[in-house]
Amino acid sequence: MALPPPDPQFVLRGTSAAVHTLHFNCGGQEPDVPILFSGSENGFIHVWNLKTHRVDTALDGHGRRSVYCVETMGSKDRLLSQGRDQRICLWDLAEGRTSVMDSVFTENVGFCRCSLLKVAQGRWLMAMAAKALEEVQVLELPSKTSVCTLKPEVGAKLGMPMCLKLWQLSGGSQPLLLAGYEDGSVVLWNLSMGKALSQLVCHPEPVMSLDFDSEKAKGISGSSEKVLSIWSLNEQQNLQVYRTHELVNPGISDITIRPDKKILATAGWDHRIRIFGWKKMKPLAVLDFHTAIVHCVSFSDHKNPRERLLAAGSKDHRISVWSIYTQT
Amino acid sequence: LSSIAGGVDCSVSFISYVLGKVCVHGRQKELLSALLPRLTDLTVSDCIWQRICWQLVEGVPDRWMEAVLLGFVQRAPGADVLSRLLGNLVVKNKKAQFVVTQKVLLLQYGHTTAVLQNLLGYLSLDSLRRALLLQVLQELLETWGSSSAVKHSPVEQQLYISKAILICLSHLKEPEIESCRQELLTSLMEGVKCHLDSSLPPIRRLGMIVAESISAKINTEGPVLKFQYEDDDEARELKSLLVQTPPCCAVPGLADDESEKAPPLGLKGNQESPPAAPVVPDEESDAELDSDDDLVPYDMSEDKEVKTKAPVYIRECLEVLTSSEDVDKWEATVKALEGLVRKNPAATREVSVELAKILLHLEEKTCIEGFVELRQRAQVAVLTTDPIPVAKYLTTQFYSLNYSLRQRMDILDVLVLAAQELSHPKSHGKTKHSGAQNPRVQLLPASGSSKNWRRIVDERIKSKTRRFATGQSQVEPVSAPNEFNSVAGHFFFPLIQNFDRPLTTFDLLGEDHFVLGRLVHTLAVLMYLAVNTVAVTAMGKALLEFVWALRFHTDSYVRQGLLSCVSSILLSVPAERLLEDVTEELLETRCWLRDVVEKDPDADCRRLALQNLMLMENLKKKLAADPS
């Protein structure tokens, strides 16, 4: 007899706008407080204190245009945020400051979240959608020098890049980029040569979100239809469809795999969060709390497995935080 | 013949005379059935026999030429045989030419397709005769394209001419098409226009098929004309005429030629293999420890498809339909509306006219399946729940400015369906009339043919005329009060009132004769459904006067409608009332019916008029037999 799904551990209210992006930063030692960053449609980035469940700071750096990506760079004092004002801002939050150190003008009016990868101490690679329609540009941060521009070949008709993921097999190896496009295909790019290694048509509709497990060389992507597509990368760096999973209601806005690669969470347009086992895509739970589209899901990076959390941000202005499957 | 074969010298002209005389007297079947096969065999390879045959036929005097020629054309097994037998008769003999090119094709229309094939094939087989073929084609196209011919000639003749055109087209070669491309195009344009204007569906379809074929011939590389029509046996047969089987086939049974369609459909074979061939997931070896087993799933039974909820209150529906931006909700409302209206009659009555107004103007916002039907059913539901005000509204709107023809016809359809629903008892059983069968009356299709109603009236007539034979063998059906009784007048009289007042956008007596035809058919149905109601005599009288005013209308669809009206009147109004109150109109109508039976070009009109006359006779007999 299966248990009914759990309730959220707590719910964060106070953004007064749809929540588009979430990022945990809980790895710090005492006296560092576990923090959740959230970006909203009204341009604010809220810094939530997960002990008091209140907003510590609100950052306003995107001219009241929607913030759709937040990431930390190394520590909780270095924040990167991306907004619809066509800017990517680098924040310095140490010692209570709330200033924008630097910004990159992307000239891109799309919704593609940028992707960060740490390649060396103090050096980051960032992939973002560029000005031209189908291009992805990779910059090195904090120097902001361009590493390469990835252009699909003429006539490929991929459309806009919808979601990006930079990854490398192990520290020091070649960084690679997985990009999901508007025509439903996922492309694996080699950054040093600037060429596409493999392309796979996963969906008939645009790829809304993807995530990749570099250990198992398996990835998952979701789009606006009912099917989740799981694909794998073989030794020749070729993408192949591994299996598909059909959902009850169409539309996925975000997918994320937990850092321990055991489970993954999807944020759906039907207001529900679904949890699956990563190994065999076994459906584990359907969390039905929100009353509007869930825009983003994120797993925390707690060092102690028991404290791990899952957060989901929705159009109904709430952030629900769940503690689920923390025993494994 | 055997004597000629024997080499005996005899006068061929004598035989020609005999042939001609026999044919004229109508004996061509017997004579030619013996003569022709032998001639066919003999002329297959023997040139001399061919010449003899030609001389034979040429020698027939002009006054008997037609009979002989017709006999040959009808009995020859193929165009090539005809060519061998007749030679260039049509070129040499004026009368023969007249018969072949004008009389058979344009003035008569009773011949079969095989005859047409023979004739036109014969014309195409020799270069001297091909000029005649082109000429024939042009004349056929002229007739096909003339609007008065389309309006006044019977459907069978139009079918015949269309077949002839298609066969001609099939024989034409490229250079010939090149030379007359311009004329083909002009006649195509004119012809299509008159055909599509017609109110009769068969004529529209004929026009479409011929136009498609012509355009396919003249524009072989560019985009061709393509119409949407019902592809039934007749259409397929017509299209098969475009392809000619080579004459070496044993029997050119071209009517069976349905499988050959030019151009052959491309094979849909080579499906593009999907760029990602799914790899079969490797079977996990059981030995491998599956840590997923540690994760126990939660109860997911609540996880169902998300459906937008439809509103539950009528007033809410009104709001959603007029002003809502939420398309999901709008869709759900449209689907749920009919059910809600029927479940909440009191609430509907409060807002009935508003709801009717919204539904009449409702346009398809999103792509719902069966939108037209959903809307119509909702309208019928509203009308049956609150008949009098809504009928008043609808009938006034029918005659108002700025409605499209589609909307006006919708109004008529809805009135008929609602009347039908109101007049049938709720138990959905058989009819209230003892002994008569109730033919199933279905939802009128959107294209609104009057075939259903004619069939019903016909069956009813049949049942009435044979009444003495069938006894009361069926169980009496459950009777319920006829709800149409109190509202029949409200449906009927406003529709009939304003038909002769033209508005700027709507002129029933002028261009919009298609709507007039539908209106007339609607009135016939309403009349039929009003049987046993109180107002039926008044309705009958008004309707007869209406019919009288329109009886010479040029559109045959309208005339058919008028005749159905008369049938309905005769069937619905009780006989005594007819003879007492409506006598003069009845007598005048009878004179008109007799005229129609004799002179009307349309076969359906004639048949309906005949039935009406029979009904009248039956009425008279019945009253005469009635001792009271």
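Leaving aside its neighbours within four places in sequence, which residues is Leu519(B) in contact with? Select Leu519(B) and look around its side chain: the contacts are Phe398(B), Tyr399(B), Leu412(B), Leu495(B) and Leu508(B). Contact here means heavy atoms within 4.5 Å.

Before going on, note that this is a predicted model, in which local features need pLDDT of at least 70 and side-chain atom pairs count only at pLDDT 80 or more, while totals for chains, interfaces and linings use all residues. Residues are numbered from 1 along each chain as its sequence is written, chains are lettered from A and ligands numbered from 1 in the order in which they are written, and side-chain values use heavy atoms, with hydrogens and water left out.

**Stop 1: the cores of chain B**

Select Leu383(B), Phe484(B), Phe491(B), Leu519(B), Leu523(B), Leu543(B) and Phe546(B), the residues with the most contacts inside the largest nonpolar core, which has 90 residues. A nonpolar core is a set of buried Ala, Val, Leu, Ile, Met, Phe, Trp, Tyr and Cys residues joined through side-chain atoms within 4.5 Å. Buried means under 20% relative accessible area, exposed over 50%, and partly exposed in between (1.4 Å probe, protein chains only).

Next select residues 513-529 of chain B, helix α25, which gives this core its largest share, eleven residues. Helices (H or I, at least four residues) and strands (E, at least two) are DSSP runs, numbered from the N terminus. Now colour domain 2 (309-385) and domain 3 (415-424 + 482-627) of chain B: both give residues to this core, so the core lies between them. The domain bounds come from an automatic or database domain assignment.

For a second, separate core, of 61 residues, select Cys53(B), Leu85(B), Val115(B) and Ile209(B), which are among its members. In soluble globular proteins, nonpolar side chains tend to be buried together.

Show the whole of chain B as a cartoon. Its secondary structure comes to 30 helices and zero strands. Of its 628 residues, 47% are buried.

**Stop 2: a salt-bridge network in chain B**

Select Glu338(B), Arg342(B), Glu373(B), Arg377(B) and Glu421(B), which are linked in a network of salt bridges. A salt bridge is a side-chain nitrogen of Lys or Arg within 4 Å of a carboxyl oxygen of Asp or Glu. Between Arg377(B) and Glu373(B), the closest N and O atoms are 3.2 Å apart. These two residues are four apart in helix α20 (residues 371-385) of chain B, and so are separated by about one helical turn. Arg377(B) is partly exposed at 35% relative accessible area, and Glu373(B) is partly exposed at 39%. Over all chains, the structure holds 31 salt bridges.

**Stop 3: a sheet in chain A**

Move to chain A and select strands β14 to β17. They form an open sheet in the order β14-β15-β16-β17, with antiparallel pairing. Two strands pair if DSSP finds at least two bridges between them. At the edges stand β14 (161-168) and β17 (195-201), each with a single partner strand, so one side of each has no neighbour in the sheet.

Inside the sheet, five bridges join β15 (residues 175-181) to β16 (residues 185-190) of chain A. Pick Gly180(A) to find one of the bridge partners: Val186(A), in β16(A).

**Stop 4: a hairpin and a loop pair**

Select β10(A) and β11(A), which form a hairpin with two residues between them; Gly122(A), in the turn, has a positive phi of about 80°. Ser115(A) stands opposite Ala127(A) in β11(A).

Then select Lys131(A) and Glu107(A), whose side chains meet in a salt bridge (3.5 Å, N to O). Lys131(A) lies in the loop between β11 (123-129) and β12 (136-141) and Glu107(A) in the loop between β9 (99-105) and β10 (115-120) of chain A, so the pair ties together parts that are 24 residues apart in sequence. Lys131(A) is exposed at 60% relative accessible area, whereas Glu107(A) is partly exposed at 37%.

**Stop 5: backbone details**

Select Leu141(A) and Pro142(A), which are joined by a cis peptide bond with omega about 0°. Pro142(A) lies in the loop between β12 and β13 (145-150) of chain A.

Last, select Ala217(A), which is not a glycine but has a positive phi of about 55°. Ala217(A) lies in the loop between β18 (207-213) and β19 (218-223) of chain A.
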